[in-house]
Amino acid sequence: MADSNSDVKTNDIFSKAYDFTKADEIKEKGLYPYFKPLQATDGTTVQIDGREVIMAGSNNYLGLTNDPRVIEAARNVIKTYGTGCTGSRYLNGTLDLHLELEEKLAAFMNKDSCVLFSTGYQTNEGSIQTIAGRRDIIFSDKDNHACIVSGTLVSNAKTMRYQHNDLEQLEKLLQRADSEAGKIIVSDGVFSMSGTIAKVDKLVELKKEFGARLYLDDAHAIGVVGEGGRGSASTYGLIDEVDLISGTFSKSFASLGGFLVGDHEVIEYIRHNSPAHIFSASMPPANVATVLKALEILQEETWRLDRLAEISDYMRNSLRDMGFNVWSSQTPIIPVVIGEMIDCFEFWKGLFEAGVYVNAVVPPGVPRGQSLVRTSYMATHTDDHLNRILEAFRKVGIEQGIIDQNGHSLLEKE
């Protein structure tokens with residue numbers, strides 16, 4: 001038997017793990033940006049390595065994770081229900097709180113029914129694999145979230161991927177597809193790296209023309225954009241034309257879990273057939289109570305959506321005016337493209353040392369040569385927070401040769 005990693009044979013299933021050194025190499029350079037433990041947080045600021053930094057990389061869009069009313073709602077239900085459900089919704093894990101939340105979310109989204117899942121990832125993976133079978137075809141945007149990709153892979157359906165937001169290519173794929181097959185178009189409502197909103201109006205047109213169904217993942221859209229925060233389809237006034245809409249609770253709703261809304265019959269089918277639903281323990285009581293309170297606040301305190309839109313426009317325009325490439329962001333997700341991976345890690349470190357926390361995103365999360373820092377904002381950021389973030393970007397951008405003093409990018413090729 002081998003007594004050291006060096007003796008492991010190349011056909012050992014663990015060989016890929018023993019050969020993985022990239023993370024250690026980045027750590028040795030002092031540039032590793034991942035798995036940073038937060039020691040405390042009030043939402044807009046966090047304690048890391050014993051010092052306070054501004055959080056500009058959270059999906060806490062409405063700023064509710066530390067809201068006293070949300071915390072109190074979670075505490076109160078623990079007294080009645082305990083800390084967990086100890087089983088799946090299918091068997092012993094359904095609480096009246098789950099039913100109340102499903103009813104309120106369906107009403108909020110103007111749909112017949114709603115089903116809850118224990119995570120947002122499970123929502124898409126579990127729903128897509130259940131609704132699409134071997135005689136069906138899934139049409140999926142290449143920039144869709146990993147959970148959508150996973151759902152397509154584990155389904156028995158044929159999957160046809162089209163270039164990001166290239167609806168001409170999607171139309172051609174639909175034209176070539178078997179006219180007798182069941183068809184479903186699946187897209188992020190707001191794309192999590194670029195911050196762009198899907199062209200829902202065009203997706204609806206294609207859905208109708210080719211007799212397909214339309215599924216939107218609004219994880220980064222519900223509680224963020226649209227009328228009353230109802231998501232990407234709502235920005236076009238087309239909620240009624242979208243067959244299935246999924247969302248998550250780990251962002252605007254300050255909790256953990258996910259949901260899917262749609263026609264009653266379709267939701268009931270998924271509820272009784274999705275492995276991710278019937279074989280996973282249900283959302284704990286405190287998580288459900290948190291979402292119920294967050295949903296209530298979202299509907300009552302509309303200033304949060306207004307403030308979030310105001311902040312997003314201010315930060316997007318300010319970063320662009322400095323010379324940064326922010327792609328075509330339309331939401332509180334604002335990417336800043338740096339280029340090569342090591343340059344991105346160095347930029348991330350510079351910002352962190354300047355007191356700003358963002359997310360470094362490198363291949364395969366983005367194409368090679370397009371590594372970026374992903375910034376995202378919340379309704380509770382103050383003007384002082386925002387200006388300090390901008391000051392840090394300007395300082396580090398100039399120091400590292402990304403922009404110049406006059407607001408021009410130094411990354412453009414001759």
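Predicted model: local features only at pLDDT ≥ 70, side-chain atom pairs only at ≥ 80, totals over all residues.
The pairing of β13 with β14 (residues 371-376) is antiparallel and runs over three bridges. Within this pairing, A360 stands opposite V373 of β14. The loop between β13 and β14 contains P364, and a cis peptide bond with omega of about 10° joins P363 to P364.

## Loop residues with positive phi

D49 is a residue other than glycine, yet its phi is positive, near 55°. D49 is placed in the loop between β2 (45-48) and β3 (51-55).

N110, also not a glycine, has a positive phi of about 60°. The loop that holds N110 lies between α4 (96-108) and β4. Is N110 buried or exposed? With a relative accessibility of 52%, N110 counts as exposed, because the cut-off for that class is over 50%.

## H98 in helix α4

Helix α4 includes H98. The relative accessible area of H98 is 1%, so H98 is classed as buried, the limit for that class being under 20%.

Which residues does H98 touch, leaving aside those up to four places away in sequence? The contacts of H98 are C85, R89, G93, L116, S282, M283 and V288.

How many cavities of 30 Å³ or more does a search of the whole structure find? The search finds two. The largest cavity holds about 50 Å³ of space. By class, the lining of the largest cavity comprises five nonpolar residues, four polar residues and one charged residue.

The second largest cavity contains about 30 Å³ of space. D218, A219, I222, T248, K251, S252 and F253 form the lining of the second largest cavity. Three of these lining residues are nonpolar, two are polar and two are charged.

## The buried residues of helix α6

Which residues of helix α6 (residues 146-154) are buried? They are C147, I148, S150, G151 and T152. In an α-helix there are 3.6 residues a turn, so residues three or four places apart point the same way.

The packing partners of the buried α6 residues include one helix element, α5 (120-131). These buried residues also pack against the strands β5 (136-141), β6 (158-162), β7 (182-188) and β8 (213-217).

Definitions and conventions
Residues numbered from 1 in each chain as written. Heavy atoms only, no water. 1 Å grid on protein atoms, 1.4 Å probe; cavity = no way out; pocket = protein on both sides within 12 Å on 5 of 7 lines; lining within 4 Å. Points joined across faces, edges and corners; volume = space filled by probe spheres on them. Nonpolar A, V, L, I, M, F, W, Y, C, P; charged D, E, K, R; others polar. Pairing = 2+ DSSP bridges. Helix = DSSP H or I, 4+ residues; strand = E, 2+ residues; numbered from the N terminus. Buried < 20%, exposed > 50% of the residue type's maximum accessible area, 1.4 Å probe, protein only. Contact = heavy atoms within 4.5 Å.
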